[in-house]
Amino acid sequence: SKSRAYDAEKDAKNEECVICFENFKDSSDKQICELSCKHIFHVDCMIQWVKQKKDDCPLCREKIEKTS
C-alpha cells in the first residue's frame, strides 16, 4: 500500500475511512494508504486492522499485498 495525504479531488468517491468512520476532510493531518484495490483508509487505522491479523481490504476483502 502507498501512504499519502488525502486529495479531495482525486479521492472524491471516498469521503470517510470505513474503519473509524472519520471524514477524510476533517482529518487532513492524517496520512492515508491506498490498497491495490484502490480503497483508501487512514494509515493508523490500517495498521490496527492488520495487527488484528486481518489481511484483507475492509471493503472488498481483496488480499492486502504486503510491501517491505
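Which residue forms a salt bridge with Asp55? The partner is Lys63, and the closest N and O atoms are 3.0 Å apart. By salt bridge I mean a side-chain nitrogen of Lys or Arg within 4 Å of a carboxyl oxygen of Asp or Glu.

Before the rest, some housekeeping. This is a predicted model, where local features need pLDDT of at least 70 and side-chain atom pairs count only at pLDDT 80 or more, while totals for chains, interfaces and linings use all residues. Residues are numbered from 1 along each chain as its sequence is written, and side-chain values use heavy atoms, with hydrogens and water left out.

Back to that pair. Lys63 is exposed, with a relative accessible area of 54%, and Asp55 is partly exposed at 33%. The cut-offs are under 20% relative accessible area for buried, over 50% for exposed, and partly exposed in between, with a 1.4 Å probe and protein chains only.

Across the whole structure, the search finds five salt bridges. Another of them links Lys30 to Glu22, with 2.8 Å between the closest N and O atoms. Here Lys30 has 28% relative accessibility, so it counts as partly exposed. Glu22, at 27%, also counts as partly exposed.

Next, Glu34. Its side chain meets that of Lys38 in a salt bridge, 3.8 Å from N to O. Glu34 is buried, at 8% relative accessibility.

As for why such pairs turn up: side chains of opposite charge can pair when their charged atoms come close.
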